[in-house]
Amino acid sequence: MSVIKTTDLNVFQKDNLILSDVNIEVFPGEFIYLIGKTGTGKSSLLRTLYADIPVKEGNVDIAGFNLKNISPKEIPFLRRKLGIVFQDFQLLSDRNVKQNLKFVLKSTGWKNEKEINERIEDVLSKVGLETKHFKMPHQLSGGEQQRVAIARALLNDPEIILADEPTGNLDPDTSEEIIQLLIQISKTGRTVIVATHDFIMISKYPSKILVCDHGKILHQEL
């Protein structure tokens, strides 16, 4: 069973058609690169998948939700099944690592303090930051901040991780660590889609590729 399936999807930004006739099917545990020049629709496709851009034409089924018919009340439940990682980390600068993660759990309905603390310990150990829970974001390197962002994406045990240029602000060695971490996550059965320009990483860690080009999505295998 696929976890993402788009059928004849047209992606719009307001009234501008960005991508047309997008037909992709993605399965549990797949690690997929989404590549293309700036402005070709990578971020727009990811934003469509997490229901930030509404589906006007075509269909998207993702994690058990049909995005053509999704109601605003259902979108938070969809996003609990998705982990989203951004290029600029988007951590709350006035809270330490643990407080950043706790904020997300509280806002998605977690109430039991013991369970919250155990979950935070679990995701921080998965990304190798179990000793950094008291650090403020500005005390962390870029790579550590991105690891916190990945830990945050894992909090609600999502089926799918969508990562938009996760290595865009990182040096080559740190970028490699982040890609290795995302590949490890896919091996636990989660689907991982990484939008990237980082062709060195793609050649070093080859996997399935989707290419945004001239308003279309093309399939390519390395």
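Predicted model: local features only at pLDDT ≥ 70, side-chain atom pairs only at ≥ 80, totals over all residues.
Modeller: Residues are numbered from 1 along each chain as its sequence is written, and side-chain values use heavy atoms, with hydrogens and water left out.

Biologist: Why is Thr-6 called buried?

Modeller: Buried means under 20% relative accessible area, exposed means over 50%, and partly exposed is in between, with a 1.4 Å probe and protein chains only. Thr-6 has 2% relative accessibility, so Thr-6 counts as buried.

Biologist: Where is Thr-6 placed, and what does its side chain reach?

Modeller: Thr-6 is in strand β1 (residues 4-13). Helices (H or I, at least four residues) and strands (E, at least two) are DSSP runs, numbered from the N terminus. The side chain of Thr-6 reaches the backbone oxygen of Val-22 at 2.8 Å. A polar contact is a pair of N or O atoms within 3.5 Å; within protein, one must be able to donate a hydrogen and the other to accept it, and residues adjacent in sequence count only if both atoms are side-chain atoms.

Biologist: Why is the pair of Phe-31 and Tyr-33 called edge-to-face?

Modeller: Rings of Phe, Tyr and Trp (its six-membered ring) pair if their centres lie within 6.5 Å; planes under 30 degrees apart count as stacked, over 60 as edge-to-face and the rest as tilted. By this rule there is one aromatic pair. The ring centres of Phe-31 and Tyr-33 are 5.1 Å apart and the planes are at 90°, so the pair is edge-to-face. Phe-31 and Tyr-33 are both buried.

Biologist: What makes β3 largely enclosed by the rest of the structure?

Modeller: Five of the five residues of β3 are buried, so β3 is largely enclosed. Phe-31, Tyr-33 and Ile-35 point one way from the strand, while Ile-32 and Leu-34 point the other way. In a regular strand the side chains alternate between the two faces of the sheet.

Biologist: Which strands pair with β3?

Modeller: Two strands pair if DSSP finds at least two bridges between them. β3 pairs with β8 in the parallel sense over four bridges, and Phe-31 stands opposite Val-192 in β8. With strand β9 (residues 208-213), β3 also pairs in the parallel sense over four bridges; there the bridge partner of Ile-32 is Lys-208.

Biologist: How do you know that the span of helix α6 agrees with its 15 residues?

Modeller: The expected span is 1.5 Å times one less than the number of residues. For α6 (residues 172-186) this gives 21 Å, and the end C-alpha atoms are 21 Å apart, so the two agree. Asp-171 caps the N-terminal end of α6, with a side-chain oxygen 3.1 Å from the backbone nitrogen of Asp-173.

Biologist: What covers the buried residues of α6?

Modeller: Contact means heavy atoms within 4.5 Å. The cover includes β3 (31-35), α4 (113-126) and α5 (142-154). Among the buried residues of α6 are Ile-178, Ile-179 and Leu-182.

Biologist: Which residues have the most contacts inside the largest nonpolar core?

Modeller: A nonpolar core is a set of buried Ala, Val, Leu, Ile, Met, Phe, Trp, Tyr and Cys residues joined through side-chain atoms within 4.5 Å. The largest has 40 residues, and those with the most contacts inside it are Tyr-33, Leu-101, Ile-150 and Leu-182. Apart from it lies another core of 33 residues, including Ile-62 and Ala-195.
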